[in-house]
Amino acid sequence: MKKTFDFDFDKGDFNLKNGSPAVLTGIDALKLWIQKAINTQFGRYSIYKGRQYGANIEDLIIGKSSDPDFVKSELRREIEATLLRHDDITGMISFDVTRESSVMRISFTLTTAYGTVGEVYTYDG
């Protein structure tokens, strides 16, 4: 069973349990991996050099005024390719992008070894 340390992206720190980093397993570990992979810009950090880790989302949404259908299509392609690198993710069954002013909301549903998982990410900028 895969496990990982529980990280709180809002606080920028690990969640502790009895003074030690809390450990996540199963679906919770997978959800954290999804969040981290989506939020890590591909090719930016030397720790991931030589690994296929992260997504090129910033390249598609920051400062771009491209056709919304094109952006949605490219975001789906990029996110799906990024997430399907994980052995426990078998497919993407839905994907949507909505934009209100400078806020972009990306939602998708994945099929995984643990069942169906729905995720929503918001980018402001």
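This is a predicted model: local features need pLDDT of at least 70, side-chain atom pairs count only at pLDDT 80 or more; totals for chains, interfaces and linings use all residues.
Two strands pair if DSSP finds at least two bridges between them.

**Strand S8 and its neighbours**

Strand S8 covers residues 103-112, and seven of its 10 residues are buried, so the strand is largely enclosed by the rest of the structure. On one side of the pairing story is strand S7, residues 89-100, which runs antiparallel to S8. Within this pair, Phe-95 has Phe-108 of S8 as its bridge partner. S7 and S8 form a hairpin with two residues between the strands, and there Ser-101 takes a positive phi near 55 degrees.

S8 also pairs with strand S9, residues 115-124, again in the antiparallel sense. Here Thr-109 finds its bridge partner in Gly-118 of S9. S8 and S9 form a hairpin too, with two residues between them. The table sets out both pairings.

| Pair | Sense | Bridges |
|---|---|---|
| S7 and S8 | antiparallel | 10 bridges |
| S8 and S9 | antiparallel | 10 bridges |

**The largest pocket**

Now for another part of the model. The largest pocket has a volume of about 340 Å³. Strand S1 (3-5) and helix H1 (26-39) are the elements that give two or more residues to its lining. H1 provides the largest share, six residues. In total, 17 residues line the pocket, and those nearest its centre are Thr-4, Phe-5, Leu-32, Trp-33 and Lys-36. By class, the lining holds 10 nonpolar, three polar and four charged residues.

Terms used
Residues are numbered from 1 along each chain as its sequence is written. Side-chain values use heavy atoms; hydrogens and water are left out. Buried means under 20% relative accessible area, exposed over 50%, partly exposed in between (1.4 Å probe, protein chains only). Helices (H or I, at least four residues) and strands (E, at least two) are DSSP runs, numbered from the N terminus. On a 1 Å grid over the protein atoms alone, a cavity is a set of points where a 1.4 Å probe fits but cannot get out, and a pocket is an open set with protein on both sides within 12 Å along at least five of seven lines; lining residues have an atom within 4 Å of a point. Grid points are joined across faces, edges and corners, and a volume is the space filled by probe spheres set on the points. Ala, Val, Leu, Ile, Met, Phe, Trp, Tyr, Cys and Pro count as nonpolar, Asp, Glu, Lys and Arg as charged, and the others, Gly among them, as polar.
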